[in-house]
Amino acid sequence: MLGRFDSAISQHVPVEHWKGGSEGDSPTLAWLLFHMTYHQDLAVNTAIRNHPPLLADHRDDLGVDHLPPWAGLTESEDAEVTIALDLDRLVAYARAVNARTREWISKLSVMALDSVPTNSYRLANLAGIPADGEMSWLHAMWDRKPVSWLVQWECIGHGHGHVGEMVGIRNRLGLSPF
């Protein structure tokens, strides 16, 4: 998704527009990039690989260290997250997650795609995202999902949807290259 983001968004939309929206109620480019990257980070690094998310090492640099660990996961934009984001560090975080995913998937055995990780346990214990309360929807959505689902949805489908949304924002900003 990062390649598509680079070619369709970052090459055409100056970074000073990333926190401003187009007309209407659309989210910002910064929010969408952070949101889809964090979902991928949690899916690959935490739910599948049983590691803390890379975000844990980037929270301070990104400017979100004062926010709860689930900030950025909802589909609705959280203005507090967007305002806090350091955009240069956001791109670095997105590149780090993309590189880690690429590295992991290049060595993945197809037999692993059918395995079902303990997603909810890992989200709670490695990422600090509680299974009850406002994040119960994420635990329920990922519960008993195999690795293949996490890759297909969180790394591909979810990202494609949000990059498409970003293209619409780019176009409404009058920055389409076509």
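What we have is a predicted model, in which local features need pLDDT of at least 70 and side-chain atom pairs count only at pLDDT 80 or more, while totals for chains, interfaces and linings use all residues. Residues are numbered from 1 along each chain as its sequence is written, and side-chain values use heavy atoms, with hydrogens and water left out.

Let me begin with the helices, which, like strands, are DSSP runs numbered from the N terminus (H or I, at least four residues, for helices; E, at least two, for strands). Two packed helices are described by the angle between their axes and the distance between the axes. Here the axes of helix 2, residues 29-48, and helix 5, residues 87-106, come within 10 Å and cross at roughly 35°, where axes are lines fitted to C-alpha atoms, for helices over the stretch in contact, and angles run from 0 to 180 degrees between N-to-C directions.

Asn-50, in the loop between helix 2 and helix 3 (55-62), has a positive phi near 65°, and at 40% relative accessibility it counts as partly exposed. Arg-144, in the loop between helix 7 (136-142) and helix 8 (147-172), has a positive phi of about 60°, and Arg-144 is exposed, with a relative accessible area of 66%. For these terms, buried means under 20% relative accessible area, exposed over 50%, and partly exposed in between, with a 1.4 Å probe and protein chains only.
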